[in-house]
Amino acid sequence: MRETLRNFGRFVADSLRLLFMGNRAYYGWVAFLLALIVLGALAYMGQLREGLIHTHMRDQVSWGFYIGNFTFLVGIAAAAIMLVIPAYVYEWEPIKEIAILGELLAISALVMCLGFVLVDIGRPDRFWHITPLVGLLNFPSSLLAWDVIALNSYLLLNYVVVTYLLFCAYTDRHYAKGFVYPLVFLSIPMAVSIHTVTAYLYNGLGARPYWNSAILAPRFLASAFCSGPAILLILLQILRKTTRLEIKDEAIFKIAELMAYTMGFNLFLTAAEAFKEFYTNSQETVFIRYLYFGFRGHYTLVPFAWASIVCGLAAFLLFLVPKTRKNWVTLNIGCVLIYSSVYIEKGMGLIIPGLTPDTLGEVYTYRPSLTEVTVAAGIFALGFLVFTLMLKVGVPMMLGDFTMSKRPGKTLAA
Amino acid sequence: MSDHTREPEPTPACEEPQCGSRRTFIQAAGMAAVAAALTGCKNLSTEEFLQHNFRELSKDELKEIIARLEKEYAAKFGKKVTVSNTPPLPGVVFGYALDLSRCIGCRRCVYACVKENNQSRDPQIQWIRVLQMDKEEGVNVLHADPYYNPPEVPQEGHFYMPVQCHQCKNPPCVKVCPVKATWQEPDGITVVDYNWCIGCRYCMAACPYGARRFNWGEPHLPVEDLNPVTEYLGNRPRSKGVVEKCTFCIQRTRKGLYPACVEACPTGTRKFGNLLDPGSEIRYVIENKRVFLFKEDLNTQPKFFYFYGV
């Protein structure tokens with residue numbers, strides 16, 4: 001036990017040391033992210049001082065860019081299981097070696113999620129009120145209380161698994177299956193639950209017919225399993241170019257094939273929703289009309305909404321046809337297209353029409369303010385920084401280049 | 001702090017600031033200072049930072065908090081402000097009725113409400129929204145205009161529908177609040193603990209009547225406009241970053257007065273009373289007039305009734 005603790009101390013110290021061992025590209029990238037974080041923090045200071053009036057949210061549209069990004073990123077976090085399921089349930093070796101990357105992505109996405117919630121609330125000094133055990137959670141009545149619990153548990157779970165796996169790699173041991181497997185299997189229903197609970201957050205509001213659709217949660221999951229792996233596919237290609245990490249083509253193509261199914265399903269669900277809305281043609285379709293066709297001379301969302309549909313369809317075709325799926329150029333174009341499509345659909349395309357027109361019929365045209373965009377850029381930079389630093393430590397350990405017995409740049413301390 | 005290390009550890013589970021040891025208090029003070037620095041609230045005191053939900057407070061704690069608030073308000077406005085905590089009257093559930101055939105859309109209720117309830121004048125916050133509707137369309141929010149501004153009301157071809165908190169018996173806003181900062185009192189009024197609300201605005205997304213208002217900026221209330229007679233769960237001055245709403249003028253109605261909007265209405269459109277009293281005017285209206293509930297299909301069960309008197 002003492003031995004383990006001492007080794008863990010070394011693991012932490014060496015991990016920190018690794019962060020300062022990089023080439024110029026690495027330092028340049030980190031400096032760029034830090035600069036964005038500082039800019040975001042400065043913008044946020046203004047919002048703290050004078051209130052959320054620095055945003056363009058108002059009583060009519062009381063949630064906006066922050067909550068849109070939050071919702072989208074919960075999906076990215078949930079998508080880690082697109083790697084975990086083939087790796088651990090089907091024991092598919094080519095993906096098993098890289099499944100940890102999905103978990104790292106989930107941790108980074110959750111950091112951003114929590115960041116977006118924090119900047120959206122009016123009284124961040126009262127954040128402890130919503131902290132489990134310390135504050136007063138309205139559980140089980142409020143879905144936001146559920147979300148706090150689900151997101152934090154999922155973050156903790158991924159953090160424990162990743163830390164344990166890397167620590168094992170660092171100490172040249174094989175991980176204990178009896179410890180990792182139950183946790184990894186638990187992470188599958190939990191990934192589904194974080195996105196389901198986030199969907200229910202909107203879904204259960206009778207006041208907002210646009211969100212009050214039974215297929216909202218399935219749509220959340222389907223779109224998440226398109227956009228999350230899209231990031232991973234691009235990332236895997238970057239990693240195998242820049243590190244010694246071996247990622248087989250077949251692993252990438254397998255993920256792409258799975259994505260083709262989720263994209264098709266996502267389009268089907270979108271069509272199902274559109275049919276029900278437009279064919280019934282009740283007054284409640286005003287929200288989806290506002291999104292796709294505009295309402296009373298307000299057309300702000302219309303080009304975005306159609307761009308999302310077109311990108312989603314194009315990406316689906318690129319991923320469906322084996323020839324374009326296995327061509328690096330078209331594969332990457334497809335990744336960018338599906339990512340953009342879902343970012344629009346699950347971000348502003350979900351939040352804004354839910355609230356416009358408002359419950360008394362008013363149309364307030366919301367566009368994020370400069371403060372909102374800058375703060376959001378800062379939070380994204382923070383997420384990328386967390387991800388970069390975790391990869392910086394994780395990849396050499398996964399490769400066995402950096403272990404307790406083999407530490408480059410320094411002899412073993414006594 | 002090293003001289004403390006030999007002492008037994010303070011009881012960690014203690015939540016009230018009063019009974020904590022010196023160390024926990026100092027730690028809390030430190031956290032409050034950090035929170036204050038982070039949030040730019042220079043005046044955030046340790047007591048305010050640590051204050052618990054209204055419904056968890058003991059009588060003594062509430063007394064201390066009220067004394068602190070009165071002091072803070074006096075310092076801010078240079079005027080004596082009272083903060084009461086009037087309990088609900090036994091055997092009373094308040095109800096409201098509004099006669100759509102009488103309302104002329106003059107918005108006197110809106111401004112009487114603002115005056116009574118200390119809403120921010122800049123940025124402007126109003127709890128009542130009067131909708132100008134087309135007679136041809138009937139009650140249809142997609143044909144409503146809240147910004148009508150003709151030289152004279154009522155306008156030909158239109159009728160007027162004021163909307164405010166419906167004090168639902170089944171309030172979606174209470175259901176969704178993640179921290180129990182809003183709840184329904186025994187007399188049926190849904191209130192907000194402005195010192196516990198975290199400003200997440202989930203209640204605003206949940207409310208079908210657009211009744212909740214958020215303090216997007218620091219509320220400005222000139223001292224000459226201040227109503228110094230206030231209620232803890234009602235019209236006391238609010239801070240930025242919290243939600244507020246109509247409370248049926250809790251500071252008046254619990255003392256047997258009419259809400260300010262009822263008194264200000266020049267046409268007798270607004271009726272108010274005890275739903276549990278069979279002889280009340282509100283009961284007469286409900287039992288004898290053509291009454292409807294706004295967005296009845298949502299099953300929020302409002303205690304705010306619209307009716308056609310003529």
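Chain B of this predicted model holds an open sheet of four strands, laid out in the order E10-E2-E12-E11 with mixed pairing. Strands here are DSSP runs of E with at least two residues, helices are runs of H or I with at least four, and both are numbered from the N terminus; two strands count as paired if DSSP finds at least two bridges between them. The edges belong to E10 (270-274) and E11 (290-292) of chain B, each with a single partner strand, so one side of each has no neighbour in the sheet. From one strand to the next, the twist averages 30°.

A word on the ground rules. Residues are numbered from 1 along each chain as its sequence is written, while chains are lettered from A and ligands numbered from 1 in the order in which they are written. Because the model is predicted, local features need pLDDT of at least 70 and side-chain atom pairs count only at pLDDT 80 or more, whereas totals for chains, interfaces and linings use all residues.

Back in the sheet, E2 (residues 94-99) and E12 (residues 304-308) of chain B run parallel and share four bridges. Along this pair, B:Tyr96 sits opposite B:Phe304, and B:Ala97 faces B:Phe305. On E12's pairing with E11 of chain B, the sense is antiparallel, with three bridges, and B:Arg290 stands opposite B:Tyr308. Helix H9 (residues 281-288) of chain B lies across E2, E10, E11 and E12 of chain B, at about 110° to E10(B). Such angles run from 0 to 180 degrees between N-to-C directions, with axes fitted as lines to C-alpha atoms, for helices over the stretch in contact.

Chain A splits into domain 1 (1-203 + 369-406) and domain 2 (209-243 + 257-367), with bounds from an automatic or database domain assignment. Their centres, taken over C-alpha atoms, are 23 Å apart. Across the boundary, 32 residues of domain 1 are in contact with 33 of domain 2, contact meaning that C-beta atoms placed from the backbone lie within 7 Å. On the domain 1 side, H3 (65-78), H4 (81-89), H6 (99-120) and H8 (177-203) of chain A each supply at least two residues. By class, that side has 18 nonpolar, 13 polar and one charged residues; Ala, Val, Leu, Ile, Met, Phe, Trp, Tyr, Cys and Pro count as nonpolar, Asp, Glu, Lys and Arg as charged, and the others, Gly among them, as polar.

How do the helices around H3(A) pack? The axes of H3(A) and H9(A) (residues 216-242) come within 7 Å and cross at roughly 70°, so H3(A) and H9(A) are roughly perpendicular; the bands are under 35 degrees for roughly parallel, over 145 for roughly antiparallel, 65 to 115 for roughly perpendicular, and oblique for the rest. Contact residues include A:Gly75 of H3(A) and A:Phe220 of H9(A), and the contact divides into five nonpolar, four polar and no charged residues. With H6(A), the axis of H3(A) comes within 8 Å and crosses at roughly 160°, which makes H3(A) and H6(A) roughly antiparallel. That contact has 16 nonpolar, one polar and one charged residues.

Between the chains, 40 residues of chain A are in contact with 47 of chain B. H2 (24-50) and H7 (143-170) of chain A are the elements giving two or more residues to the chain A side, and H7(A) has the largest share, four residues.

Key:
Two residues are in contact if their C-beta atoms, placed from the backbone, lie within 7 Å.
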